[in-house]
Structures are given as structure tokens and as C-alpha cells.
Amino acid sequence: MCRSINKGVSLQIGCSLISNFLFSIHGNTMASNVPIIKLNSGYDFPAIGYGTFGGPHAPEQVYHGTKHALEAGYRHIDTAYVYETEEAVGKAVRESGIDRKDIFITTKLFQTFHEPKHVRPAFDISLKLLGVEYVDLYLMHWPFAWEFHGYSFDDIKGHKDENGHRKRIDVSIVDTYRAMEELVKAGVVKSIGVSNFTIPMLEQILKECDIPPAVNQVEIHPSLPQEELLAWCKEHNIVLTAYSPLGNPGHRGQPAMMDHPAVLSAAKKYNVSPVQVLLNWGVSRGYTVIPKSVTPERIKANLARIEMDKDDIEAIASIGREHPHRICDPIKIFGPAFNIFD
Ligand code: NAP
């Protein structure tokens, strides 16, 4: 069974949906007015973070982007081994001159490293690339395992079958998570969590592991409002992080969520941009958002904080309620064996 979970102060922030959520959000002592969410591990988690997933030019762009982000006031950076941006993030963090303890760094365990014997070596590579002594949050990137072919970036790419799909191997999420718990015990990770997990998967971890996940990072935006998962996680004191909070505009012909009438109407009402509405919709619902941008003006603008009324939050949540749309669909990306969300 899980050890007892810290219960934060319950607080209502613009939405009755989260009034019984067991987290505390309090004034920020850091450089910006970004709210802080208290994790079940006891650590502070800034509600707006900087996402660092990109294309072939990502490392260079992310290095400059992270520098801009830290200057603008971000104190939460999200990366992953597979993004190949850990080194760029670490360099920007070191050069910022900001105390390491004031920056929350998340990174993630790749699917080829799920066998327990590979977890610590894979983590140590991330730590070395980041050039830090500990990671604030280490997430299991996806809830399935792939064959191990080595630790280098080249080793983790390729190895697909004749249909271009990945081969799944039989390693349970519990065994991988237990190996991640050892990182907390060793003092090299402050909090552990998961990503792309469903409620049954979270239930299994809570039942069979010792340290409850602090965070579940999943896709959330108005076309995929994740209302059931959000309510369940609040009830169990697990904080959600919304990836692709803007719906990754422009990527693979995604519908532009910022053009939806409910978003435009809120933007007019609060005198902010549609993107600022999308991000504040997430923060107002009680979770963290990690928009990615390599454009300095956008990086800065994405930090703006407004309080949104319950009716506006509800109007935007209803956009994808009936016909949710997932951008990061593992079936399309990895193959039919990865139908984990149905
Ligand atoms: P996103 O943040 O929803 O969208 C990124 C796109 O929005 C970029 O093209 C960016 O353009 C544009 N953008 C950012 N700010 C904008 C603004 N103010 N106005 C107009 N356009 C703006 O999508 P994402 O990158 O997929 O998700 C964010 C982060 O989540 C990732 O970077 C990664 O850290 C994480 N993630 C995690 C997972 C997972 O499986 N755990 C999966 C996907 C993503 P420019 O860069 O050109 O400014």
C-alpha cells in the first residue's frame, strides 16, 4: 500500500470543480507571479512550466529558449531523454546564475529502459546530460516497455518491425516504477511520477508501490479536457501536468483551438490573447501547463496569469467533451499494440 499522502490546503481558484482538491497554491517567492502547486511529496511545483520537445533543431533552439524562459521568470522546465534537449536545458540553467534549488526540472525515462536493471543507468545519463546533482521530478514517459538496444540516442531510435511499429516487451509498470522509487531513496530524485497513465494504471501503482506518483503528465487542451481523469487525480492528490496545452498548433494539421468562439470570447472578456486563455484555463482548473515556444515574445506572454470565472472555464471544457480529439495518439505514433487509452 502507498505510504500516507501529504494533504495540502484546500483552495478554490475560480472553479468549484477543484474546491475539494487537496493541494495548496500560494504566493510565489520566485521571479514571477506563477502559482505554486504543492505536490504530495511535499515539494513546490510551479503551475506554468517551459516545454522543450522539438524537432531536429531542438537542442540549439531549446538552449536559447530556456535562457529566455528563465529570464522571463519560468522556474519549471520540462524535458525528457528522448527529446535530446537535456544537455541544452542544463547549460541554460547553469548559465542563468539562478540557484539550482529555485528551478524545478522534470525529465523522463524512455520506454527502452523499463527493465529495472536499466532504470538507474538511464537516469544517470540524464543526470549527466543535465549536469545537475538531482532531478526534481522523474516521470515514466509512457506506460509500456520496448526492447532495450543500448543507451545512446542512436540506440533508442529505429528497431521497428516491417510495418514501422515498435515491439512491446513484457515488463510491468509496477516493476519499472519500483526501480524509480530507488532513485528517491538514493536522494537523486525528489519526486517521481508517470506520464500518459490512465486511471486503472494509476490505481495499480497506488496499490502495489510505496511512493504515490506526485504527477501524471498527460495531453490536455479544450479538445481533450480529461475531466474524469482530472477529478480522479484531485481526489487522490496526484497533480496533472498538461502537455500540448495549446493543442500543438500547426503540428500535423491540428485544429486551432485558439480560434474557437468560447476561447475568443474569453480572450475579449479578460483582454488577453487566446493562447493566454488556453493556459490560464488549465491553471484555473488546478493543474500545471507546460507550453513550448522557441519565440522570446511568446515565451514571455505565456507566463501571464489571470483568474477565470467558472462559466468561462466550463464553456471551454465543453469544447471537446462530446468528441474528444487526441493529438499524441500512441496508436498512430507507435502502432496498434499501443491502444492504451480506449
Ligand atoms: P504546445 O505547447 O501545445 O504547442 C507548441 C506550439 O505552440 C509551438 O509550435 C509554438 O510555436 C506554439 N506557441 C507557443 N506559444 C505560442 C503563442 N503564445 N502564440 C502562438 N503560438 C504559440 O505543444 P507541445 O510542444 O506538444 O507540448 C508542450 C510540451 O509538453 C512539450 O514541449 C514537452 O515538454 C511536453 N510533451 C510531453 C509529452 C509526453 O508524452 N509526456 C508529449 C508531448 C509533449 P513556437 O515554438 O514557434 O513559438
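R321 and E227 form a salt bridge, with their closest N and O atoms 2.7 Å apart. The term means a side-chain nitrogen of Lys or Arg within 4 Å of a carboxyl oxygen of Asp or Glu. This pair links distant parts of the chain, 94 residues apart. R321 sits in the loop between α11 (310-317) and α12 (330-334), while E227 belongs to helix α7 (residues 227-235). R321 is partly exposed at 33% relative accessible area, and E227 is partly exposed at 27%. Buried means under 20% relative accessible area, exposed over 50%, and partly exposed in between (1.4 Å probe, protein chains only). Helices (H or I, at least four residues) and strands (E, at least two) are DSSP runs, numbered from the N terminus.

This is a predicted model: local features need pLDDT of at least 70, side-chain atom pairs count only at pLDDT 80 or more, and totals for chains, interfaces and linings use all residues. Residues are numbered from 1 along each chain as its sequence is written, and side-chain values use heavy atoms, with hydrogens and water left out.

The whole structure holds 19 salt bridges. One of them joins D312 and K269 at 2.7 Å, N to O. D312 lies in helix α11 and K269 in helix α8, so this bridge ties together parts 43 residues apart in sequence. D312 is buried at 13% relative accessibility; K269 is partly exposed at 47%. R178 and E181 make another bridge, at 3.6 Å between the closest N and O atoms. They are three residues apart in helix α5 (residues 173-185), so about one helical turn separates them. E181 is buried, at 1%, whereas R178 is partly exposed, at 33%. K67, K91 and E95 are linked in a salt-bridge network.

Now the ligand. Of the 27 residues around it, D78, S244, L246, S293 and T295 come nearest; a residue is near if one of its heavy atoms lies within 4 Å. The shell divides into eleven nonpolar, twelve polar and four charged residues. An N or O atom in the side chain of T295 is 2.6 Å from a ligand oxygen. A polar side-chain atom of S195 lies 2.9 Å from a ligand nitrogen. T52 places a polar backbone atom 3.2 Å from a ligand oxygen. Taken alone, the ligand exposes 910 Å², and the protein buries 88% of that. These areas come from the Shrake-Rupley method with a 1.4 Å probe.

Two asparagines have positive phi. N196 has phi near 60 degrees and lies in the loop between β10 (189-195) and α6 (199-208). N248 has phi near 45 degrees. N196 is buried at 2%; N248 is partly exposed at 29%.

How values were computed:
A polar contact is a pair of N or O atoms within 3.5 Å; within protein, one must be able to donate a hydrogen and the other to accept it, and residues adjacent in sequence count only if both atoms are side-chain atoms. Ala, Val, Leu, Ile, Met, Phe, Trp, Tyr, Cys and Pro count as nonpolar, Asp, Glu, Lys and Arg as charged, and the others, Gly among them, as polar.
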